[in-house]
Number of protein chains: 2
Amino acid sequence: MSKDLIQPRTLKGFRDYLPEVMIVRERLMETARRVYRSYGFSPIDTPALEYAEILAGKGGEESDKQLFRFVDHGARDVALRFDLTVPFARFAAEHLNEIGTPFKRYHIAPVWRGENTQRGRYREFVQCDFDTIGTDSNVSDIETLMVIHDLMVAIGFERFTIRVNHRMLLNGVLENLGVADKSVGLLRALDKVLKIGREAVIAEMVDKVGVTTEQAAGVLDFASLKGTNIEILDAAQKLVGTNERGLEGAARLRQLLNACEMAGLKSERIALDLSIARGLDYYTGTIYETFLGDLPGIGSVCSGGRYDNLAGLFTKTPLPGVGASLGLDRLLAAMEELKLVSKVSTPAPVLIIHFDKDRAAEYLRMGRVLRAAGIGAEVYALPKPMKKQLQYADAKGFRFALIAGSNEFDKGCWMLKDLAKQEQQEVAEADLIATLQQKL
Amino acid sequence: MSKDLIQPRTLKGFRDYLPEVMIVRERLMETARRVYRSYGFSPIDTPALEYAEILAGKGGEESDKQLFRFVDHGARDVALRFDLTVPFARFAAEHLNEIGTPFKRYHIAPVWRGENTQRGRYREFVQCDFDTIGTDSNVSDIETLMVIHDLMVAIGFERFTIRVNHRMLLNGVLENLGVADKSVGLLRALDKVLKIGREAVIAEMVDKVGVTTEQAAGVLDFASLKGTNIEILDAAQKLVGTNERGLEGAARLRQLLNACEMAGLKSERIALDLSIARGLDYYTGTIYETFLGDLPGIGSVCSGGRYDNLAGLFTKTPLPGVGASLGLDRLLAAMEELKLVSKVSTPAPVLIIHFDKDRAAEYLRMGRVLRAAGIGAEVYALPKPMKKQLQYADAKGFRFALIAGSNEFDKGCWMLKDLAKQEQQEVAEADLIATLQQKL
């Protein structure tokens, strides 16, 4: 009976993760979990599928178009989540009595967007969000920055900058200039300053947004303040004058800079940047963006900010909060570009060679001895020629091979081969764990 | 402007995971990852969505009915995966040249089935699969059992039984009895023996499957063999006679029992059980089921077996393999029933009380000092009354509270409160890490 084969293929915009990338991806997720937990953030999970009415209209027109939305078996209008924020809003409203406030949660899970894949974006990607809700305390804003900092260090980056801005400071300046009601248009124009230059932005603000040249210049002067963080803050505070909101924003930023200094964060990793405009129509307080020193062009790898009310569509209880999201896949792409991803596709360092086909039980026993000492070990499944097994070890990236035949078993020892150095030594079984632990 | 609230609710058959359950769920997944990796299994991931033709018709009629299937933006017929085996078959066929064989992978990810929720089943649940493909070596079968064993121990179970059977042994007996062609019907009847008893099963085999009473009795005699594992195996081997397939099955089981003994696995945790019939129409070699000593009624929490060909629908390359799947959510339900799930909803042991509103930076600094020593610590966001903060600590399950006001700061010390014992002691800041590490 002949049968046509089904072509094995993945959907456009979706991808498989092979071991060498997945090992790094898992390490990133584990690092995020460890750092989030160390600050007392608790894990939650929500369904991939939600009622469409929960998700639709929450991320703007673009998001709605990208929703994977369909009718299920029970004739329900459902959709796959496109982010972790809207499900968290629904979750918080539904479980408010159980979780209480303040509530600190992290959520690491895939989301789906039917994006245009020509921009190199995937339609399925993992988000790593953490948020503190139910309080407007600046302590949570400061902690959010510290989490981002510790996360980047834990991942292995030394050179990075967390750019910080504050919506209240900016609003204070806009109010002083008499253009607070035109903030959305002004911020949209401001966002182009790097691309089109100061004069063109001023022209756009005057022509399209309808402010005077002086007002436009005032906005740009504020956004272009340079100097140390404290110098920028002092200058910005002067521009704010007696505007209460602006002064409150300045005070909160000052408290943040002070706390970071006291806690010993390297000051060059934190940069007050009053030009950050992206996300300002959503965020209402502190705003964070994180850039890699060696690859700033890839954009922010961890962004977030403070918002006034998480779940206003689902509950009347106001839930102010602050949080950020690690762009896992963008970071992974950066790490690949920076050659920080090794070509190792096994999580175990030791391969036990299946040398003598009658000794399989001995090899399996040794595997368990190593594992009991915390050393990962694979036993090669088949008694193939040694050369083949060593090729396998090489291809996968094992660091050591353990070899034993009758000679070694008689003497109670193993040949330990360092695969990178291409050196081997005979080690008594009693000394094997200690020898390996020292080398690993 | 008044606006109607959207009711926050989850779809039928779906659930949110709140911190106290999610903390345990994450621990289970981490344990599975750690054990799988220690044997050299590598992580992979595949998309949640696949072309419907990849998934449809692979899990039988029931699976097809349960598929979440729809037409996407690009008019593609797509569906959410209902297990991790079919996507793995597609993955293996698609990436065969890159991954090589033998290939050992694990995959921990959610799957979706539009099941009848009245049976208490969820429509979204996590599977934790591990498989070795590309070899029929018995070493992989033995290792699969060892992985299950180590996984149960690592999760914290002392009393459990891994029941083992072998399809070739059973087939040998059926061939000897001359009923090999009726195996599916016989096994289906055999599966009911605990429920309806020996006589009713014999009657069903005679009436519905069409064998003689003697043949039916022979099948039941085989399946009911009792004694030590070796006694059962010896008796079964006699029933197999000279049947080659049967002898091969017996030899492989003997090798497995021998290797487990050599590796020091407790013999009472492994039970040769020739009555296991479930899954026998899919598996072609060793079969595993795992039962908890304290809650056998919940069914097998980790099942699997050997199969002849993983990906025959996608590639002409034969891919024999062996593996098993941890039923994460069933295990979680068992742990809840056995009161093994604590009511802790924070992953950090220490809460730093926000006692003096002007000392926030000090509290934040101390949090980082503790974290640098590997001790998770949350700083309470607001300077609320101490009683409120201690209630929060209690509700979340923090183990220690750290308190400091002007007195303590002047002396360079902290009040360390053990929340379970309701005891507190003054500790110099220089001794704090050592004191906490000793208590944790």
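**Exercise 1. The helix pair H10 and H11 of chain A**

Is the crossing of H10(A) and H11(A) right-handed or left-handed? Describe the arrangement of the two helices in this predicted model, and state which residues bring them into contact.

*Solution.* 

Step 1. Two packed helices are described by the angle between their axes and the distance between the axes.

Step 2. In chain A, helix H10 covers residues 198–209 and helix H11 covers residues 213–223; their axes come within 9 Å and cross at roughly 130°.

Step 3. An angle of 65 to 115 degrees would count as roughly perpendicular and one over 145 as roughly antiparallel. The crossing angle is roughly 130°, and therefore H10(A) is oblique to H11(A).

Step 4. The crossing of H10(A) and H11(A) is right-handed.

Step 5. On the side of H10(A), the contact is formed by A:Arg198, A:Val201, A:Ile202, A:Met205 and A:Val206. These residues meet A:Thr213, A:Ala216, A:Ala217, A:Val219 and A:Leu220 of H11(A). By class, the contact of H10(A) with H11(A) contains eight nonpolar residues, one polar residue and one charged residue.

**Exercise 2. The helix pair H10 and H11 of chain B**

Determine how helices H10 and H11 of chain B are placed relative to each other, and classify the residues of their contact.

*Solution.* 

Step 1. Helix H10 (residues 198–209) and helix H11 (residues 213–223) of chain B have axes that come within 9 Å and cross at roughly 130°. H10(B) and H11(B) are therefore oblique to each other.

Step 2. The handedness of the crossing of H10(B) and H11(B) is right-handed.

Step 3. From H10(B), the residues B:Arg198, B:Val201, B:Ile202, B:Met205 and B:Val206 take part; from H11(B), their partners are B:Thr213, B:Ala216, B:Ala217, B:Val219 and B:Leu220. The contact of H10(B) with H11(B) divides into eight nonpolar, one polar and one charged residues.

**Exercise 3. Cis peptide bonds**

Locate a cis peptide bond in chain A and one in chain B.

*Solution.* 

Step 1. In chain A, a cis peptide bond joins A:Thr101 and A:Pro102, with omega about -5°. A:Pro102 is found in the loop between helix H5 (96–99) and strand S5 (103–112) of chain A.

Step 2. In chain B, B:Thr101 and B:Pro102 are joined by a cis peptide bond, with omega about -5°. The loop between helix H5 (96–99) and strand S5 (103–112) of chain B holds B:Pro102.

**Exercise 4. Positive phi values**

Where does A:Ala75 lie, and does A:Gln422 count as buried or exposed?

*Solution.* 

Step 1. A:Ala75 is a residue other than glycine, and its phi is positive, near 60°. Its place is the loop between strand S3 (69–71) and strand S4 (77–80) of chain A. A:Ala75 counts as exposed because it has 6 C-beta neighbours inside 10 Å, and the cut-off for exposed is 12 or fewer.

Step 2. A:Gln422 is not a glycine either, and its phi is positive at about 55°. A:Gln422 belongs to the loop between strand S15 (413–418) and strand S16 (423–428) of chain A. With 7 C-beta neighbours inside 10 Å, A:Gln422 counts as exposed.

**Exercise 5. The contact between the chains and the confidence of the model**

*Solution.* 

Step 1. Chain A gives 83 residues to the contact and chain B gives 84 residues. The side of chain A that touches chain B consists of 44 nonpolar, 20 polar and 19 charged residues.

Step 2. The complex receives an ipTM of 0.94 and a pTM of 0.94 from the predictor.

Step 3. The average pLDDT of chain A is 94, and 98% of the residues score at least 70. Where pLDDT is low, the predicted coordinates should not be read in detail.

Key:
Residues numbered from 1 in each chain as written. Chains lettered and ligands numbered in written order. Predicted model: local features only at pLDDT ≥ 70, side-chain atom pairs only at ≥ 80, totals over all residues. Axes fitted to C-alpha atoms, helices over the stretch in contact; angles between N-to-C directions. Helix = DSSP H or I, 4+ residues; strand = E, 2+ residues; numbered from the N terminus. Parallel < 35°, antiparallel > 145°, perpendicular 65-115°, else oblique. Left-handed = near helix turned anticlockwise from the far one by under 90°. Contact = placed C-beta atoms within 7 Å. Nonpolar A, V, L, I, M, F, W, Y, C, P; charged D, E, K, R; others polar. Buried ≥ 20, exposed ≤ 12 C-beta atoms within 10 Å, placed from the backbone. pLDDT = per-residue confidence, 0-100.
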